Amino acid sequence: MIIEIRNVHKFIKKKHILKGVSFSVEKGDLFGFLGPNGAGKTTTISIMTGMMKPNEGDVYIAGAKPGEERAIKSVGYLPENFSPPIGLRVYEFLEYMQGLSSSKDSWIKLPELLRLVELDTAYNKMIGSLSKGMLQRLGIAQALVGNPSVLILDEPLSGLDPIGRKIVKRVMLNLTEMEKTVFFSSHILQDVEDLCISLALIHKGSIIFSGGVEEFKLLYSGVSLEEAFFNSIKEDISE
Amino acid sequence: MKQIKYIGKYTVLEGVRDKILYVSLFIIIALIIFSFYLSLLTLTSPDIAFLSFSFYFLKAFSILALTFLTVFQLYKDKRKRAYEIVLTKLYNKAYYIWGKFIGYNILYLITVSIVSLFIFLIVYILWNEIMLKIFIYPLILSEQFFILSAIIFLLYLIFTSPTLTIISSLAIFFASHFSLDFYLFTVKTAKGLSKYIYILLYYLFPNMELFSLEKNIIHNLTLTPLNFTNLLSYSIAYGILISFISGLIFNNKRDF
Amino acid sequence: MKTRKLSTIIIVFLLAILGFIYIKSEKALTNLYKEKEVEPLFLPISMLDVAFLKNRPAISEFYLISAIMHFVSENRDTEFIAKELYLGYKADPYIKETVFFLGNVLPIKKEDIEIANRYLRLAASYGIDWHIFLYMGYNFLFNLKEYEKAARFFYIASKLPGAKPYVQSMLIMAYYRKNDIRGALLYLTALYKETENPARKKLILKKIEWLQNIIELNEQVKLFYKKEGRYPKNLKEMVDKGYIQEIPKDPFGRGYYFDKKAKIVKSKW
């Protein structure tokens, strides 16, 4: 398992945000982390990337704890609402990220990297002039600079128009072909159904399900993922 | 260490392209030109009067501009969570603080050097004098900003509001021009425990009056190399001490 | 664990060194200030110290400009202007124009002179400079016509470092105006002995000759009065009556004359 989350509890301002979250991700998987708004997706991701420390439990990324050098080198992260410095040009920003990852031209040259995320024309552009879709792809590019084995993407498809979504989905599928593990969160069920083989569903800080997409649909008697999802949290909705 | 270098480098690059810096530079240069007109109102030789006022405007407004720029950028990165992509790549989160600290200080030195060059050119064009001593001033100002920026980063860790950070840091900057007066008055008149508290307060806050060397530069009074070395070691020691502590606190934060 | 302990120790050690450097440099820069019984400046000279961040030359210029503005305005308050100039001098004693204005420009009426001198004295007590005593001497010499006091101030001014040679000329003028010609001569002779510059020595010798002529002429006027029972009409009468061989030549070319009112021989200055 390349990602292992074991019994993680997290309190924020005395509120119990994560209640014993446990799941694992296999190497090379395209894994969807599903849940409604406020379920604890971003908190879980913050703990995985080392931005927060759990009150209880363990997290292992590529066999190391978040914050350790091995984990840092193995992870490429795209935060929700990715906002890079608008005063920099695309290539300057990527060089900056390369410098931080100590990976200048080590595995891929910048023009090739931009081609990977379908941003070949944006090399010299100011970041402030990019569209939302282009920004998201730039975010994926910066996550890739250190040639990480794991990509953690927080809501990579949110706020995109249909064309943007199509392109980003295509990029994400290409990444798995490069044998990278892609872990992404979303509250858009269709996207998870389109892309993922495995998923974990979080609701009110607890993992309701972790496993295959088809398994989930079967378990919650859903023809579609959406139906299965609503069935799984039926009691809470009726409340 | 390499990560600190990259953070510093791109902080300078971002800062140089920030609108706040351009507008502030424009305002400072306008005030320097205004100094020339002020110098015509006095009896002293115009080049001395011009230097007096120019130095004042340069100091006050460069400190204001760079304080605002530093604080706004730091809090904007925090609010938009833009610093996440940097922090998640750092082996020690303190590098973010130290890299930014170095970056903003380099930016400040560049800003005041540009304005000093402008002052030098005005003096040369108007009075045909080559006053190289003008270039001592940006070095002294940079030493002051080194101390002030360290305080800004410490306050950044304490306050969640950029306004509070700006007000507090500028208040400390202004008030620390009177540290020595405070010391001479209170230490001489206080007795017992309060005397030691005053001494502690005096050393806790920087003494900015040590850097008020405008009189020495303008009237060509002695600025011995020993004085310079002491000023440099004073500002570096204080600045590094405070920013180092800030970095350690930042690295040990539970949540970002 | 061991490496963590070691790095903690190293960090604490480095911080201690930084702290030591900080305190050492602070002491090196402020010891002189603290050792001297410096007048506590806790209450700033004005709120301008805060506004100008202790940029003393700028504060001084500000006071000077303010004083000039007040001086040219309709409702002039001399006391207020004098105080501003004094504060300007106090802010930066290297900007002499404040005391220049105080001593030379401000005193117009007699009351102004008293005010100006009072603030010049305050300025002197803050920071002694030969300019201050020179301007006080000016006021006493030209405006108040108190020559003894003027001479005293010119003497002090001439002894202070940086005083220009013309201050000594002012001193001699004060003695002369005081009609203390012998005093002026004595001072000049001492000055002649002190001076090394040959050109200056030549000039002083000329002045000595000039004064000696006046002394000699006045002696003869006294003799004339004793013998004739009256003062001479002019110097030519003294030549005609044989008291003097001829009217001595004024080395400065201006000529001597007998002042009937003051009843002494004077030079056409």
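Two residues count as touching here when their C-beta atoms, placed from the backbone, lie within 7 Å of each other. Keep that cut-off in mind as we look at this predicted model.

## The three-stranded sheet of chain A

Let's begin with chain A, where three strands make an open sheet in the order β2-β1-β4, and the pairing is antiparallel. At the edges are β2 (15–25) and β4 (56–61) of chain A, and each has a single partner strand, so one side of each has no neighbour in the sheet. From one strand to the next, the twist averages 25°.

How many bridges join β1 of chain A to β2(A)? There are eight, and β1 (residues 3–12) runs antiparallel to β2(A). To find this pairing on your screen, look for His9(A), which stands opposite Lys19(A) in β2(A). Helix α1 (residues 41–49) of chain A packs on this sheet, touching β1, β2 and β4 of chain A. The direction of α1(A) makes about 65° with that of β2(A).

## The six-stranded sheet of chain A

Chain A also has an open sheet of six strands, in the order β5-β6-β7-β3-β8-β9, with mixed pairing.

Strand β3 (residues 30–34) of chain A and strand β7 (residues 181–186) of chain A run parallel and are joined by five bridges. A handy landmark is Leu30(A), which stands opposite Val182(A) in β7(A). Helix α6 (residues 162–177) of chain A lies across β3, β6 (150–154) and β7 of chain A, and runs at about 150° to β7(A).

## A helix pair in chain B

In chain B, helix α3 (residues 46–79) packs with helix α6 (residues 136–158) at an angle of about 30°, and their axes are 11 Å apart. Angles under 35 degrees count as roughly parallel, so α3(B) is roughly parallel to α6(B). Their crossing is right-handed.

Which residues meet between these two helices? Those from α3(B) include Phe55(B), Ile63(B), Leu66(B) and Leu74(B), while those from α6(B) include Tyr137(B), Phe145(B), Leu148(B) and Tyr156(B). By class, the residues of this contact are eleven nonpolar, four polar and one charged.

## Where the chains meet

Between chains A and B, 21 residues of chain B are in contact with 22 residues of chain A. On the chain B side, α1 (2–16) and α4 (84–87) each supply at least two residues. The largest share of that side comes from α1(B), with six residues. The chain B side that touches chain A has nine nonpolar, two polar and ten charged residues.

The contact between chains B and C takes 38 residues from chain B and 34 from chain C. The elements giving two or more residues to the chain C side are α1 (2–35), α3 (56–72) and α5 (97–105) of chain C. Of these, α1(C) gives the most, with twelve residues. The chain C side that touches chain B divides into 24 nonpolar, four polar and six charged residues.

## The domains of chain C

The domain assignment of chain C gives domain 1 as residues 47–127 and domain 2 as residues 210–267. Taken over C-alpha atoms, the centres of domain 1 and domain 2 of chain C are separated by 47 Å.

Technical notes:
Residues are numbered from 1 along each chain as its sequence is written. Chains are lettered from A and ligands numbered from 1 in the order in which they are written. This is a predicted model: local features need pLDDT of at least 70, side-chain atom pairs count only at pLDDT 80 or more; totals for chains, interfaces and linings use all residues. Two strands pair if DSSP finds at least two bridges between them. Helices (H or I, at least four residues) and strands (E, at least two) are DSSP runs, numbered from the N terminus. Axes are lines fitted to C-alpha atoms, for helices over the stretch in contact, and angles run from 0 to 180 degrees between N-to-C directions. Domain bounds come from an automatic or database domain assignment. Ala, Val, Leu, Ile, Met, Phe, Trp, Tyr, Cys and Pro count as nonpolar, Asp, Glu, Lys and Arg as charged, and the others, Gly among them, as polar. Angles under 35 degrees count as roughly parallel, over 145 as roughly antiparallel, 65 to 115 as roughly perpendicular and the rest as oblique. A crossing is left-handed if the near helix is turned anticlockwise from the far one by less than a right angle, and right-handed if clockwise.
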